[in-house]
Amino acid sequence: MKNNYFIIHGSFSNPSSNWFSWLQSYLVDEGKEVYLPDFPTGVKYQNYDNWSKLLKVYLDLRLINENTVIIGHSIAPVFICKFLIENKIKVNKLIFVSGF
């Protein structure tokens, strides 16, 4: 099974901001399967529970597995680590950009 990629945006952001769509295009041009979830943002909606519910949809579809590469920006690295640990998920690689 080939690697798939998840690009996870950060705080108060979205999949079309920053460099996310550029990276998605680059990976797709390389023949990769890429997912760019649109997590809820804003003071009322941006929280671990809401983000976790969305990522669990991909997990239930078995799109997150040992062949998955996850790229996270801003607050996403903290979220990703907690989510993977809580759900006992092993992935191929984690790449974190400007995490805090």
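Asn65 is placed in the loop between helix 2 (48–60) and strand 3 (68–73), where helices (H or I, at least four residues) and strands (E, at least two) are DSSP runs numbered from the N terminus. This is a predicted model, in which local features need pLDDT of at least 70 and side-chain atom pairs count only at pLDDT 80 or more, while totals for chains, interfaces and linings use all residues. Residues are numbered from 1 along each chain as its sequence is written, and side-chain values use heavy atoms, with hydrogens and water left out.

- Asn65 counts as buried because its relative accessibility is 14%; buried means under 20% relative accessible area, exposed over 50%, and partly exposed in between (1.4 Å probe, protein chains only).
- The side chain of Asn65 reaches the backbone oxygen of Arg62 at 3.3 Å.
- A polar atom of the Asn65 side chain also lies 2.7 Å from the backbone nitrogen of Asn67.

**Aromatic pairs**

- Rings of Phe, Tyr and Trp (its six-membered ring) pair if their centres lie within 6.5 Å; planes under 30 degrees apart count as stacked, over 60 as edge-to-face and the rest as tilted.
- By this rule there are 10 aromatic pairs.
- Tyr35 and Tyr58 form an edge-to-face pair, because their ring centres are 5.8 Å apart and their planes stand at 65 degrees.
- This pair links distant parts of the chain, with Tyr35 in strand 2 (residues 33–35) and Tyr58 in helix 2, 23 residues apart.
- Both Tyr35 and Tyr58 are buried.
- Phe79 and Phe83 form a tilted pair, 5.9 Å centre to centre with 35 degrees between the planes.

Key: A polar contact is a pair of N or O atoms within 3.5 Å; within protein, one must be able to donate a hydrogen and the other to accept it, and residues adjacent in sequence count only if both atoms are side-chain atoms.
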